[in-house]
Amino acid sequence: MIDDLYSARILKLAGNLPHAGRLAAPDGTGERVAKLCGSKAIVDVVLDADGRIAAFAQDIKACALGQAAAGVLGESIIGASLAEIESARDATLAMLKTGGEGPTGRFEGLRALKQVADYPARHASTLVAIEATLEAIRAAVARRGPDTRTRLAGAA
């Protein structure tokens with residue numbers, strides 16, 4: 001059964017980590033650690049004038065599942081909005097916890113991790129990169145000030 005969890009598709013995603021590393025001058029940085037297994041993600045973002053991801057880098061120290069989720073995220077993150085990423089996180093969480101189908105649209109690739117639902121101890125590592133990304137975006141928005149937060153809230 002564990003072989004199903006670490007399928008060829010998962011291992012392929014884990015081996016391809018787009019935007020690996022750090023940005024020299026990020027607008028915001030987020031860091032998350034999955035306490036149970038120690039998987040860690042540090043994410044840097046630069047936002048464009050509309051609050052969408054213009055530049056992205058991720059430093060991932062995680063199991064194959066965390067790396068696979070980070071791989072999917074990295075493939076599709078440029079141009080994404082806070083609302084899209086929150087929606088993808090919520091759909092992934094529902095997929096893992098309550099049998100949801102998973103994200104649609106640009107982050108649909110996270111559905112490859114559907115079988116992780118049967119392994120609750122692996123849920124946090126699967127979400128570590130997306131949670132760090134949300135934290136980085138929120139830090140960037142907070143750094144830009146109240147006018148930006150108001151404008152971005154209206155655009156979501």
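These legends describe views of a predicted model of one chain.

**Figure 1. Overall fold of the predicted chain****.** The secondary structure comprises 6 helices and 3 strands. Read from the N terminus, the order of elements is α-α-β-β-β-α-α-α-α. Of the 156 residues in the chain, 46% are buried. Among contacts with a sequence separation of 6 or more, 61% join residues 24 or more positions apart. The accessible surface of the chain is about 7,400 Å², and carbon and sulfur atoms contribute 53% of that surface.

**Figure 2. Crossing of helices α3 and α5****.** Helix α3 spans residues 64-76 and helix α5 spans residues 123-144. Their axes come within 6 Å and cross at roughly 40°. Because of this angle, α3 is oblique to α5; angles under 35 degrees would count as roughly parallel. The crossing of α3 past α5 is right-handed.

**Figure 3. Residues in the contact of α3 with α5****.** On the α3 side, the contact is formed by L65, G66, A69, A70 and L73. These residues meet S125, T126, A129, I130 and T133 of α5. By class, the residues of this contact divide into 6 nonpolar and 4 polar, with no charged residues.

Figure 4. Leaving aside residues up to four places away in sequence, T92 touches P103, L110 and L127.

How values were computed
Residues are numbered from 1 along each chain as its sequence is written. This is a predicted model: local features need pLDDT of at least 70, side-chain atom pairs count only at pLDDT 80 or more; totals for chains, interfaces and linings use all residues. Side-chain values use heavy atoms; hydrogens and water are left out. Axes are lines fitted to C-alpha atoms, for helices over the stretch in contact, and angles run from 0 to 180 degrees between N-to-C directions. Helices (H or I, at least four residues) and strands (E, at least two) are DSSP runs, numbered from the N terminus. Angles under 35 degrees count as roughly parallel, over 145 as roughly antiparallel, 65 to 115 as roughly perpendicular and the rest as oblique. A crossing is left-handed if the near helix is turned anticlockwise from the far one by less than a right angle, and right-handed if clockwise. Contact means heavy atoms within 4.5 Å. Ala, Val, Leu, Ile, Met, Phe, Trp, Tyr, Cys and Pro count as nonpolar, Asp, Glu, Lys and Arg as charged, and the others, Gly among them, as polar. Buried means under 20% relative accessible area, exposed over 50%, partly exposed in between (1.4 Å probe, protein chains only). Accessible areas come from the Shrake-Rupley method with a 1.4 Å probe; for residues, only the protein chains shown count as cover.
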